[in-house]
Amino acid sequence: MKLIEHAQYLAYNPGVTPKQGGLPGLDVLKNVMGSINLFGIIAAVGALVISAVVWAWGHHSGGHQAEQNGKKGTAIAAGCALLLGAANGIVAFFSAMGTQVH
């Protein structure tokens, strides 16, 4: 009976927790992820500018579909910038919430 209880305990708590510095190359991976995040933010800025231009062009030329697509692109680019900027906080929040699940 003791073996079954031990197996059940391991199924609920395998004892795995995140460890800082556990693998070689962790600093390189952090730099790569930071660079990808930066490229994403720069791309969001470019998408925001292009979408705003399409929005303005559609509005002034009477192209209602172009105007709507510009509005949609502007909202999507702004949302992407928000998520990219808040990525660390979002992951940290849900990681902290995940540690409280039992």
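I began with the nonpolar surface patch: Val 28, Leu 29, Val 32, Met 33 and Ile 36 make one of about 460 Å². A patch takes residues with over 30% relative accessible area and no salt bridge, joining nonpolar side chains (Val, Leu, Ile, Met, Phe, Trp, Tyr) within 5 Å and like charges within 9 Å. A salt bridge here is a Lys or Arg side-chain nitrogen within 4 Å of an Asp or Glu carboxyl oxygen.

I kept in mind that this is a predicted model, where local features need pLDDT of at least 70, side-chain atom pairs count only at pLDDT 80 or more, and totals for chains, interfaces and linings use all residues. Residues are numbered from 1 along each chain as its sequence is written, and side-chain values use heavy atoms, without hydrogens and water.

Next I looked up Val 32, which sits in helix H2 (residues 26-61); helices are DSSP runs of H or I, at least four residues, numbered from the N terminus. Val 32 is partly exposed at 39% relative accessible area (buried is under 20%, exposed over 50%, partly exposed in between; 1.4 Å probe, protein chains only).

Then I turned to Thr 74 in helix H3 (residues 64-85). Thr 74 is buried, at 16%. Neighbours within four places in sequence aside, Thr 74 touches Leu 48, Ser 51, Ala 52 and Trp 55, a contact being heavy atoms within 4.5 Å.

Last, I checked the rings and found one aromatic pair. Phe 93 and Phe 94 have ring centres 5.0 Å apart and planes at 80°, so they are edge-to-face (centres within 6.5 Å; under 30 degrees is stacked, over 60 edge-to-face, the rest tilted).

Definitions and conventions: Accessible areas come from the Shrake-Rupley method with a 1.4 Å probe; for residues, only the protein chains shown count as cover. Helices (H or I, at least four residues) and strands (E, at least two) are DSSP runs, numbered from the N terminus. Rings of Phe, Tyr and Trp (its six-membered ring) pair if their centres lie within 6.5 Å; planes under 30 degrees apart count as stacked, over 60 as edge-to-face and the rest as tilted.
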